[in-house]
Amino acid sequence: MKFDSRAQIEAAQLTKLRGLLTKILPPNSFYSQKLGADFCVESLEDFSARAPFTFKAELVADQQKKPPYGSNLTFDLANYTRFNQTSGTSGAPLRWLDTNESWSALLDCWNEVFSAAKVQPQDHIFFAFSFGPFLGFWTAFESATRRGNLCIPGGGLSTEGRLRAIWDNNASVVCCTPTYAIRLGETAQINGLENSPVKTIIVAGEPGGSIAAVRSRIESLWPGARVFDHHGMTEIGPVTYQCPVRPGVLHVIEEWYFPEIIGPQGAVAAGEIGELVLTNLGRPGSPLLRYKTGDLVRRGA
């Protein structure tokens, strides 16, 4: 959805936030205990002032206390159709469940990423992932199929096998991590593969897509292709897409997220660095409100 002003964005966010709170309170016991069963908000500022942060450590502790999924579930277990899990690189992995409604909103987020990357209906998209329990692979793949793109899974293939699949299927878009884009490109050169069909490489999972030197290295290995960055997390969803005119700058998908950038003294001003705090507005089955991501970002103008 396109907005004409900041006021329109905030009005849409407040409407979705109020709708989310109506759905999750009081059925979701995790947030009923944090907020109170009758919690409601007058404005986004009111929400930021009164709603406490959500920390990953408390989510992990909640799942350990009430295994296997914890208490952050709004509906009966029979309503959930999707299981994903974080990597566990910073502690115990989080298990995350989604309903069809929540999952559809996540696919909408990835649709925004593809649209910003100018992916066209005729593009063939290759997904160079293992397709394990991490959320990003599945949401990207299913969103692309919903858009009507031919989607080619790369799970279970060697690097050489993936390259053959890219060339044989005329894949014009590749989704992978930045380091694996380099690995694929280097292997293609070693094997003498020329005339790559790839025009766009959408990267995520690592910060390299917004680092100029990494972007330059990838694009040198894939002549004629451009790198497009994105980031997200299993527990919060697909969050950002690269600015179409300013590589290295990421935009939050504000139709589906209420972002805050918090420093030691509270919200930071434009140009200042703070921690990204996110509220997913479209995931009522397993919501996260004011989630401290641990990511340090610089606020744009």
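Q: Which residues touch the most other members in the largest nonpolar core?
A: Leu21, Phe114, Phe127, Ile202 and Tyr257 do, in a core of 56 residues. A nonpolar core here is a set of buried Ala, Val, Leu, Ile, Met, Phe, Trp, Tyr and Cys residues joined through side-chain atoms within 4.5 Å. Buried means under 20% relative accessible area, exposed means over 50%, and partly exposed is in between, with a 1.4 Å probe and protein chains only.

Q: Okay, and what should I know about the model before going on?
A: This is a predicted model, where local features need pLDDT of at least 70, side-chain atom pairs count only at pLDDT 80 or more, and totals for chains, interfaces and linings use all residues. Residues are numbered from 1 along each chain as its sequence is written, and side-chain values use heavy atoms, with hydrogens and water left out.

Q: Back to that core, then. Which helix gives the most to it?
A: Helix α5, residues 100-116, with six residues. Helices (H or I, at least four residues) and strands (E, at least two) are DSSP runs, numbered from the N terminus.

Q: What is Ile202 in contact with?
A: Leaving out neighbours within four places in sequence, Ile202 is in contact with Trp110, Val113, Phe114, Ala117, Val119, Val173, Val174, Cys175, Cys176 and Phe228. Contact means heavy atoms within 4.5 Å.

Q: What other core lies apart from the largest one?
A: There's another of 23 residues, and Ile166, Trp167, Leu184 and Leu221 are among them.

Q: Why would nonpolar side chains end up together?
A: In soluble globular proteins, they tend to be buried together.

Q: Tell me about α5. Which of its residues are buried?
A: Ser102, Trp103, Ala105, Leu106, Leu107, Cys109, Trp110, Glu112, Val113, Phe114 and Ala116.

Q: How does the span of α5 fit its 17 residues?
A: At 1.5 Å a residue, α5 should span 24 Å, and its end C-alpha atoms are 25 Å apart, which agrees. The expected span is 1.5 Å times one less than the number of residues.

Q: And what follows α5?
A: Lys118, with a positive phi near 60°, even though Lys118 is not a glycine. Lys118 lies in the loop between α5 and β3 (124-127).

Q: Is Lys118 buried or exposed?
A: Lys118 counts as exposed because its relative accessibility is 56%.

Q: What about Phe131, what's its phi?
A: Near 60°, a positive value in a residue other than glycine. Phe131 is in the loop between β3 and α6 (135-147), and with 16% relative accessibility it counts as buried.

Q: New topic: α8. Which of its residues are buried?
A: Pro178, Tyr180, Ala181, Ile182, Leu184, Gly185, Thr187 and Ala188.

Q: What do those pack against?
A: The buried residues of α8 pack against α7 (159-168), β5 (173-176), β6 (200-203) and α9 (212-221).

Q: Where is Thr159, and what does it touch?
A: Thr159 is in helix α7. Not counting residues up to four places away in sequence, Thr159 touches Tyr180, Arg183, Leu184 and Thr187. Thr159 is buried, with a relative accessible area of 11%.

Q: What comes after α8?
A: Gly192 follows α8, and its phi is positive, near 70°.

Q: How many cavities of 30 Å³ or more does the structure hold?
A: One. The largest cavity has a volume of about 80 Å³. On a 1 Å grid over the protein atoms alone, a cavity is a set of points where a 1.4 Å probe fits but cannot get out, and lining residues have an atom within 4 Å of a point. Grid points are joined across faces, edges and corners, and the volume is the space filled by probe spheres set on the points.

Q: Which residues line it?
A: Leu59, Asp62, Gln63, Tyr69, Asn72, Leu73, Arg95, Trp96, Leu97 and Ser286 line the largest cavity. The elements giving two or more residues to that lining are α4 (56-65) and β2 (95-99).

Q: What touches Leu77?
A: Tyr69 and Leu97, not counting residues up to four places away in sequence. Leu77 is in the loop between α4 and β1.

Definitions and conventions. 1 Å grid on protein atoms, 1.4 Å probe; cavity = no way out; pocket = protein on both sides within 12 Å on 5 of 7 lines; lining within 4 Å.
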